[in-house]
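Biologist: I'd like to go through this one slowly and ask what sits behind each label. Can you walk me through it?

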Amino acid sequence: MIIIRVMGGLGNQLQQYALCRKFQSLGVETKLDLSWFSRRSQQSAAAPRKLALADFEGLSLETASEEEVRALLGRAYEEKAGLAEKMKKRLAPEKMPLFEESEMYHPQIFSWRERYLVGYWACEAYYADILDRLREEIRFPESGDARNREAMAEMSAQPSVSIHVRRGDYLDAANVSMFGGICTEAYYDACVKLIKEKCPDAVFYVFSDDADYVRAHFKGGEFHIVDWNREENSFYDMQLMSCCQHNICANSTFSFWGARLNGNPEKIMLRPSIHKNTQTCVPEEMQKLWAGWTLVTPQGTLI
């Protein structure tokens, strides 16, 4: 059995779910471990995450029991592994029952039939071939806010483009060195320019956790700020992004999924060339692993 740990926010949870569905499409028994959300350390965190997958209608959440996780991991289940286990993990990690993601793409995982997988699995190549199926499965419950219904109707009736600007926690001292300086003004300017060249009548819907910032930086009648989905309703922003014809993403899995759930066969999806400052963009590799996406550097250069 393959067991995949579910953790993090909505975008990451969708990636872990998508990887599970990919394994299942290959005929591999695969389940999700949801225990991360009940851990004491998670509940005491400053911003504890919830199981956002439960908010969707009809997702196939086949979950692993504690007994199944323990049986698969064996000694690795215990928090304090012995020296022999630590050495084995260091010297031969792919022979351990627990495998932790360390690169953008690990194609070897699809040859395995028993493993506990820990990671975020953001790379498009993991599940690109089942995205049509995932778009059918991942269904948002109907919003009670009339503004969402009105926005969806507007988006379908005109050349609409989503823009996601993530600030919030990315401005924290602990995160800025990792995620800051990637989605710059030059990045967004280049993305908007490209869209306007291909779609002169484009109307842009701007989503952000900092409405004041985007109002100050996206001026003009073609820009509309979406600022009403908050807290437990914030995931409706992802639904609205998916209703746009084209998507400009931040270095955020939340907006990646807004673009992935967009069913327009002629959509333009733009994303930053790197997700974290620890990454180095190798254009040929990125274009292969993120087929269908247009990559833009922090300096505003298309690659």
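Biologist: What should I know before we start?

Modeller: This is a predicted model, where local features need pLDDT of at least 70 and side-chain atom pairs count only at pLDDT 80 or more, while totals for chains, interfaces and linings use all residues. Residues are numbered from 1 along each chain as its sequence is written, and side-chain values use heavy atoms, with hydrogens and water left out.

Biologist: What makes β5 and β6 a pair?

Modeller: Strands here are DSSP runs of E with at least two residues, helices are runs of H or I with at least four, and both are numbered from the N terminus. Two strands pair if DSSP finds at least two bridges between them. β5 and β6 (residues 203-208) have six bridges, in the parallel sense, and S160 stands opposite V203 there. On β8, β5 has three bridges, also parallel, with V161 opposite H246. β8 (residues 246-248) and β9 (residues 269-272) are joined by two, so they meet the cut-off of at least two as well.

Biologist: In what order do the six strands of the open sheet come?

Modeller: The order is β7-β6-β5-β8-β9-β10, with parallel pairing. β7 (223-226) and β10 (293-296) each have a single partner strand, so one side of each has no neighbour in the sheet. From one strand to the next, the twist averages 25°; angles run from 0 to 180 degrees between N-to-C directions, and axes are lines fitted to C-alpha atoms, for helices over the stretch in contact.

Biologist: Why is S160 called buried?

Modeller: Buried means under 20% relative accessible area, exposed means over 50%, and partly exposed is in between (1.4 Å probe, protein chains only). S160 comes out at 0%, so it counts as buried. Six of the six residues of β5 are buried, so the strand is largely enclosed by the rest of the structure. S160, S162 and H164 cover one side, and V161, I163 and V165 the other.

Biologist: What does the side chain of S160 have within reach of a polar atom?

Modeller: The backbone oxygen of M155 lies 2.9 Å from a polar atom of that side chain. A polar contact is a pair of N or O atoms within 3.5 Å; within protein, one must be able to donate a hydrogen and the other to accept it, and residues adjacent in sequence count only if both atoms are side-chain atoms.

Biologist: How do you know that F110 and Y126 are edge-to-face?

Modeller: Rings of Phe, Tyr and Trp (its six-membered ring) pair if their centres lie within 6.5 Å; planes under 30 degrees apart count as stacked, over 60 as edge-to-face and the rest as tilted. F110 and Y126 are 6.2 Å centre to centre with 65° between the planes, so edge-to-face is the label. F110 lies in the loop between β3 (98-100) and β4 and Y126 in the loop between β4 and α5 (131-137), so the pair ties together parts that are 16 residues apart in sequence.

Biologist: And what makes Y170 and F179 stacked?

Modeller: Their ring centres are 4.5 Å apart and the planes are at 5°, so the pair is stacked.

Biologist: Why does R115 count as sitting over the ring of W112?

Modeller: The rule asks for NZ of Lys or CZ of Arg within 6 Å of the ring centre and within 35 degrees of the ring normal. The charged end of R115 is 4.0 Å from the centre of the W112 ring. R115 is also buried, with a relative accessible area of 11%.
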